[in-house]
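Please keep the sequence and the 3D view at hand as you read.

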Amino acid sequence: MQPMSHRFTLELQKLERDSHDACSLCGRHFNDGETSHSGYDAESRPLYVGNCCASRIQETAARYRWTKHPYEVPSDNSSLWRYMDLAKFVSLLRDRSINFARADVLGDSWEGAKGAQINKTIWDAHYLSFLQEMIRNPPEGYQCEKSDEEVAAEANRLLEQLAVSGSLDLRRTYVSCWHENEIESEALWRLYCPPPTAGIAIRTTFADLKRAFDNDVSIQMGRVKYVDFRTQFAGVNDAIFRKRKSLQHEQEVRAVIRQYPGDESTRLTRQVELPALVKEVIVSPFSPPWLESIVSDLLKRYEAPIPIRTSELLSQPFF
Ligand SMILES: [Zn+2]
C-alpha cells in the first residue's frame, strides 16, 4: 500500500469537507467503518474517494476509517437567518465580522451537556465497562498485566478525566448560531427583537456562509439536533451539536471553531465580505416606521450595497 504523504492543499481540505459523505468521483455513499482515501490524481487534482475509485489516486495524503458527521449538513441553498437589534446590526456593519461566542457563555446552561444529571449513573456504568474492556484488551502485541482492582481504578481515573475534559472543551469551543428557515419567523422576531425594539434580520444561504469562512476549513458547520435528555444522551464528540428538545423552535445551524489551546477570551471574530454574505436585510414588523430609512442610510454609510425590504409579516389579509 502507498505511504501517506500528509500533504493537504486547501482544495483537498475543502473537498474532504464538502464531499464527506460520498466518493467524489462516482458519488457512492460511504458506509460506517469503510476506508476513505484523500489525495491527488495523475494531474494533481484533489480526490476524496472510497475503495471503489482508490485506483485513481496517485498520491495518497491520508486514509480514514469513515464515520458520519455528528450533525446533518443543510443543502447549499438553505436560508439562514440572524435576528438582531439595531445596535448589533451597526456593530456588524462597522466591524464586518461574525462573532463566535465561547460555548460556556452562550446562555444555555445545558450547552455541551452529555445528558441529564438523573441519568448520570447509567452513563457512568456504560463508560466504565467500556473503559475496562479497553484496558483489558490492549492492541495486538501488548498484554494487560493489571489486576481486576487495578483495571477498575484505571477505568475510574479515565472516566473522571473524560468529565474534566468535557467542561474544559466548552471553554475552547466557539459558536456562531443561525436560524434555518425558508420563511420569516414571527416567533424569532418576538424572541430577539420584541416590540417595540428596533430590530432587523439578515438572511444568507448555507453556501454563502461556508464561502464567507472559506479560508478556514477547520470550522465545522451543521444542524443542531434536538434530543430528549430524559431518555437520550449526547455522544462524547457530538455534544456541541445537541440541545434540549424544548429549544427546537430555534432550528439552529451552527458554525463551530475549536481552539487549542484555549485562550481566555469569551469571543472570537471572523472577518467577512458583508455584501457577499448577506442576501438581504429585513426590517422588523414591530419596529417604528422610521427604522427602514435609518437602515438604508447605515448601509450606504458603511458601503454595504445590500437589498433591504420590509417584513412579510406586514402583508395584509383579505376576508
Ligand atoms: Zn467511487
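## The nonpolar cores

Of the 28 residues in the largest nonpolar core, the ones that touch the most other members are Leu-80, Tyr-83, Ile-200, Ala-201, Leu-209, Leu-277 and Val-281. A nonpolar core here is a set of buried Ala, Val, Leu, Ile, Met, Phe, Trp, Tyr and Cys residues joined through C-beta atoms within 7 Å. A residue is buried if 20 or more other C-beta atoms lie within 10 Å of its own, exposed if 12 or fewer, and partly exposed in between, with C-beta atoms placed from the backbone.

Please bear in mind that this is a predicted model, in which local features need pLDDT of at least 70 and side-chain atom pairs count only at pLDDT 80 or more, while totals for chains, interfaces and linings use all residues. Residues are numbered from 1 along each chain as its sequence is written.

Which residues does Leu-209 touch, leaving aside those up to four places away in sequence? They are Leu-80, Thr-204, Met-221, Ala-255 and Leu-277; two residues are in contact if their C-beta atoms, placed from the backbone, lie within 7 Å. There is also a second, separate core of nine residues, with Tyr-174, Val-224, Ala-234 and Phe-241 among them.

Beyond residues up to four places away in sequence, Ala-234 touches Ala-113, Lys-114, Gly-115, Val-227, Ala-239 and Arg-242. Ala-113 is 121 residues away from Ala-234 along the chain, yet their C-alpha atoms are separated by 7.2 Å.

## The whole chain

The protein chain has eight helices and 14 strands, where helices (H or I, at least four residues) and strands (E, at least two) are DSSP runs, numbered from the N terminus. Its C-alpha atoms fill a box of roughly 75 × 55 × 45 Å along the principal axes. Of its 319 residues, 22% are buried. Among contacts with a separation of 6 or more, 76% are between residues 24 or more positions apart.

The domain assignment, whose bounds come from an automatic or database source, gives domain 1 (10-65), domain 2 (79-110 + 172-314) and domain 3 (117-170). The centres of domain 1 and domain 3, taken over C-alpha atoms, are 34 Å apart.

Strand 6 (residues 173-180) has six of its eight residues buried, so it is largely enclosed by the rest of the structure.

| Partner of strand 6 | Bridges |
|---|---|
| Strand 4 (residues 79-85) | two bridges |
| Strand 5 (residues 97-102) | two bridges |
| Strand 11 (residues 252-258) | seven bridges |

Trp-81 stands opposite His-179 in strand 6. Val-175 is the bridge partner of Ala-101, and Val-175 also stands opposite Val-256 in strand 11.

Elsewhere, three strands form an open, antiparallel sheet in the order 2-1-3. Strand 2 (46-50) and strand 3 (59-65) are at the edges with a single partner strand each, so one side of each is left without a neighbour in the sheet. From one strand to the next, the twist averages 20°; axes are lines fitted to C-alpha atoms, for helices over the stretch in contact, and angles run from 0 to 180 degrees between N-to-C directions.

Six bridges join strand 1 (residues 35-40) and strand 3 in the antiparallel sense, and Gly-39 stands opposite Thr-60 in strand 3. Helix 1 (residues 10-18) packs on the sheet and touches strand 1, strand 2 and strand 3. The direction of helix 1 makes about 30° with that of strand 2.

## Backbone details

Pro-195 and Pro-196 are joined by a cis peptide bond, with omega about 5°. Pro-196 lies in the loop between helix 5 (186-192) and strand 7 (199-205).

His-6, in the segment before helix 1, has a positive phi of about 55° although it is not a glycine. His-6 is exposed, because 9 other C-beta atoms lie within 10 Å.

Conventions
Two strands pair if DSSP finds at least two bridges between them.
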